[in-house]
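Here is a short briefing on a protein model. Look at the sequence and the structure first, then read the points by topic.

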Amino acid sequence: MTYMKEEFSGFYGLEEEEVENLYRNKETVFIFDTNILLNLYRCEKKTRDTFISIWKSMKEQVWVPYHVILEYQRNRIQSIEDNVNDLDSIPKELELKTIEIFNNLKNSKSSTISRYSELNKEIEKLEEKVIAAVKLFKTNQIEKIIDFIDLINKKDVVRESLDGLLSNRIGKAPSQDEIDNINNKGKQRYKIKTGPGFSDEKEKSKLENYNFNGIEYTPMFGDLYIWQEILDYVKNNQLKNVIWVSNDLKKDFIYITNRNKKRGAREDLRTEMKINSGCQNFTAHSIKSFLHHINKVSTIKMSEKAISELIQTGRVSISDSYFISLNEPYEIAGVLTRQFKGLSRLAHKLKSMIVDLNEKIKTHGNDGDYIMHLSMESAEIEQNISDVNKLLLKVVSLQSRFNESYESDSFKKEFLEFFKESSYYIKTAYNNDSQASI
């Protein structure tokens, strides 16, 4: 007798209790993605050391595909440079913002400051002190961190640790025939949206092939190279429990609902894994899920602060205090919804202001100077309304293209530019509005 769950097992995810048992099971194998390795360059030393200690404690349960290591080696220097550049930009941004704030203060429409020459001098002294403090912060904090993490020109302690952790725990190098075979299969898989890898097809298809150790690789099929390695390794070693850990889980690897909720590995991949290798339990976890689950079974504990830090390494700052992952679709969707609501409220407020001004113009029809002032104010608000409407059209356009395009680099760039423009406008408009009402 054939039962539905047996025939369609790929559609059945693991219950929380089953997941916890996987983490306790010493036969479970954890497979790390490239971003897990590269993120070790982007966190505090204490966080990195704790993660590496956890890894050491379960070394024989961790395996990493050959192509993951190849991607790590190819992207290692760029990852370090990006981190150094990000850190170096902090004091530069602080200094620019400080200059901007004081310039705005000096050029304020208010004549209060200009009436007090001594106050002006004190403000200039304050600006000099703040700039000096920023420079001291750069010397004492940022430059020390940069010196520590600039592992290009000194011993790379991260790679040294990985060398030991991955001894005999790496997949074997492929032949050109094997790569060519995956390339051919990949073209067919991507046509019918079978993962992994089709989410990157449009962007990575623009990249040139590269050669390593006499083998030519096609970037578009990188994720598929890794997947085929995993399938072969699980089959050859008759593994029953496997957890894939990545900080970049997209819809070509996991199931994402229309409301952008993640529901584990895709059905087609779970089915392929079971049919190809007989693996009973296969799932995909983010670094967040992995660390929270491993904390329950490991004698080495990672603090919530450290977990948050490792999660944030895959995120970007879109404002002074707002971080999102551009690989988490529900986070991008949430920001778009928030901006749409903010712009809509602002448009409504501006329209109400126009109505009020029109009433004032009618009431003070005989006061020429006041009417001129009101008319100028009305024209400025009308321009604001036009600007807000353009931003609303942009956010509606982004929302309409979201499901098809959110994974592309061009969409992410457009999204970040829109967020910066709309947030600055909302903030400026509300500030001007509050000043006008004083």
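This is a predicted model: local features need pLDDT of at least 70, side-chain atom pairs count only at pLDDT 80 or more; totals for chains, interfaces and linings use all residues.

E178 is partly exposed because its relative accessibility is 37%, which lies between the 20% and 50% cut-offs. The side chain of E178 meets that of K172 in a salt bridge.

**Salt bridges**

- A search of the whole structure finds 12 salt bridges.
- In the bridge between K172 and E178, the N to O distance is 3.8 Å.
- K172 has a relative accessibility of 63%, so K172 counts as exposed.
- E122 forms a salt bridge with K125. The closest N and O atoms of this pair are 3.7 Å apart.
- Where do E122 and K125 lie? Both are in helix α6, which covers residues 117-149.
- E122 and K125 are 3 residues apart, about one turn of the helix.
- E122 is partly exposed, because its relative accessible area is 43%.
- K125 is partly exposed too, because its relative accessibility is 44%.
- D268 forms a salt bridge with R266, and here the closest N and O atoms are 2.8 Å apart.
- Is R266 buried or exposed? R266 has 16% relative accessibility, so R266 counts as buried. The cut-off for buried is under 20%.

**Backbone features**

- A cis peptide bond joins G195 and P196. Its omega is about -10°.
- P196 sits in the loop between α8 (176-191) and α9 (201-204).
- N168 is not a glycine, yet its phi is positive, at about 65°.
- N168 is exposed, because its relative accessibility is 73%.
- N213 is another residue other than glycine with a positive phi, near 55°.
- The loop that holds N213 runs between β3 (210-212) and β4 (215-217).
- N213 has a relative accessible area of 62%, so N213 is exposed.

- Which residues make the nonpolar surface patch? They are M4, F8, F11 and Y12.
- The area of this patch is about 450 Å².
- F11 is found in the loop between α1 (4-7) and α2 (16-24).
- F11 counts as exposed, because its relative accessibility is 55%. The cut-off for exposed is over 50%.

**The cavity**

- Rolling a probe the size of a water molecule over the atoms shows where empty space is left.
- How many cavities of 30 Å³ or more are there? The count comes to 1.
- The largest cavity holds about 40 Å³ of space.
- Its lining is made by I36, N39, L40, F51, N247, I287 and L310.
- By class, this lining has 5 nonpolar residues and 2 polar residues. No charged residue is part of the lining.

**Contacts across the sequence**

- N247, one of the residues that line the largest cavity, is 214 residues from D33 in sequence.
- In space, D33 and N247 are 7.8 Å apart, C-alpha to C-alpha.
- D33 is found in the loop between β1 (29-32) and α3 (34-38).
- D33 has 10% relative accessibility, so D33 counts as buried.
- R189 lies in helix α8. R189 is buried, because its relative accessible area is 14%.
- R189 and L224 are 35 residues apart along the chain. Their C-alpha atoms are separated by 9.6 Å.

Key. Residues are numbered from 1 along each chain as its sequence is written. Side-chain values use heavy atoms; hydrogens and water are left out. Patches are made of residues with over 30% relative accessible area and no salt bridge: like charges are joined within 9 Å, nonpolar side chains (Val, Leu, Ile, Met, Phe, Trp, Tyr) within 5 Å. Accessible areas come from the Shrake-Rupley method with a 1.4 Å probe; for residues, only the protein chains shown count as cover. A salt bridge is a side-chain nitrogen of Lys or Arg within 4 Å of a carboxyl oxygen of Asp or Glu. Helices (H or I, at least four residues) and strands (E, at least two) are DSSP runs, numbered from the N terminus. Buried means under 20% relative accessible area, exposed over 50%, partly exposed in between (1.4 Å probe, protein chains only). On a 1 Å grid over the protein atoms alone, a cavity is a set of points where a 1.4 Å probe fits but cannot get out, and a pocket is an open set with protein on both sides within 12 Å along at least five of seven lines; lining residues have an atom within 4 Å of a point. Grid points are joined across faces, edges and corners, and a volume is the space filled by probe spheres set on the points. Ala, Val, Leu, Ile, Met, Phe, Trp, Tyr, Cys and Pro count as nonpolar, Asp, Glu, Lys and Arg as charged, and the others, Gly among them, as polar.
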